[in-house]
Amino acid sequence: MISRRALEIVAAALTGIFGVVVIVSSIDNDIGWSSAGVDAGTFPFLTGIIIVLGSLYNMGQGAMGRGSLAMVRIAVTPSELRRLAGLFVPAAIFVAVIPLVGMYLASAGYVFAVLALPRRQSVLRALVIAAATPLTLYVVFERMFQVSLPRGALAAAFGF
């Protein structure tokens, strides 16, 4: 079980880390004014500051147990956590395999995994939808918009 307090503190820490990353990367793009106007890193820098400040506020609220849902002791039950993992784990695998097999095969595998494995759809229907997904991506991006999606190391090995 995950408590509401722990969940809020972890979420605030993660968004705070994101804010720090935004700040650090914006400093590389220069912040302040130049002869051309505002430098490229100024707006992201200010956005990063706002994210960090909001995260610190949320972390304090979570640590002190204030707010309308402060009395909720359990934020996520084990069954809810399994359902969440059923969405997150395939998505993380999808993102991880894109450099290896490319967007088209990865999207077909992801769609099949989220439809057929938890038994939400029949295997045949999941296969049809999984085959239609990369075909649709190809037509829309490669043909209509003329934007090439990542093909991955597997396609490079076969000369595509």
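**Glutamine 146 and onwards**

Q: Glutamine 146: buried or exposed?
A: Glutamine 146 is exposed, at 67% relative accessible area. The cut-offs: buried is under 20%, exposed is over 50%, and partly exposed is in between (1.4 Å probe, protein chains only).

Q: What kind of model is this, and how are residues numbered?
A: The model is predicted, so local features need pLDDT of at least 70 and side-chain atom pairs pLDDT 80 or more, while totals for chains, interfaces and linings use all residues. Numbering starts from 1 along each chain as its sequence is written, and side-chain values use heavy atoms, with hydrogens and water left out.

Q: Back to glutamine 146. Where is it found?
A: In the loop between α4 (123-144) and α5 (152-157). Its phi is positive, about 55 degrees, though glutamine 146 is not a glycine.

Q: What about aspartate 30's phi?
A: Aspartate 30 also has a positive value, near 70 degrees. It sits in the loop between α1 (4-28) and β2 (33-34). Aspartate 30 is partly exposed, with 47% relative accessible area.

Q: Change of topic. How many helices and strands?
A: Five helices and four strands in the protein chain. These are DSSP runs, numbered from the N terminus: helices are H or I with at least four residues, strands are E with at least two.

Q: What order do they run in?
A: From the N terminus, β-α-β-β-α-β-α-α-α. The radius of gyration is 22 Å, well over the 15 Å the globule rule gives for 160 residues, so the chain is more spread out than a compact globule. That radius is taken over C-alpha atoms, and the rule is 2.2 Å times the number of residues to the power 0.38.

Q: What box do the C-alpha atoms fill?
A: Roughly 55 × 50 × 25 Å, along the principal axes.

Q: How much of the chain is buried?
A: 22% of the 160 residues.

Q: And the accessible surface?
A: About 11,200 Å², with 72% of that belonging to carbon and sulfur atoms. The areas come from the Shrake-Rupley method with a 1.4 Å probe; for residues, only the protein chains shown count as cover.

Q: How many salt bridges?
A: One. Arginine 151 pairs with glutamate 142, with the closest N and O atoms 3.2 Å apart. A salt bridge here is a side-chain nitrogen of Lys or Arg within 4 Å of a carboxyl oxygen of Asp or Glu.

Q: Are those two partners buried or exposed?
A: Glutamate 142 is buried, at 14%. Arginine 151 is partly exposed, at 33%.

Q: Helix α2: how does leucine 53 sit relative to glycine 19?
A: Leucine 53 is in helix α2, residues 42-64. Leucine 53 and glycine 19 are 34 residues apart in sequence but 8.8 Å apart in space, C-alpha to C-alpha. Leucine 53 counts as exposed, at 53%.

Q: And alanine 91? Which helix?
A: Alanine 91 lies in α3, residues 78-116. It is partly exposed, at 27%. Alanine 91 and serine 107 are 16 residues apart in sequence and 9.7 Å apart C-alpha to C-alpha.
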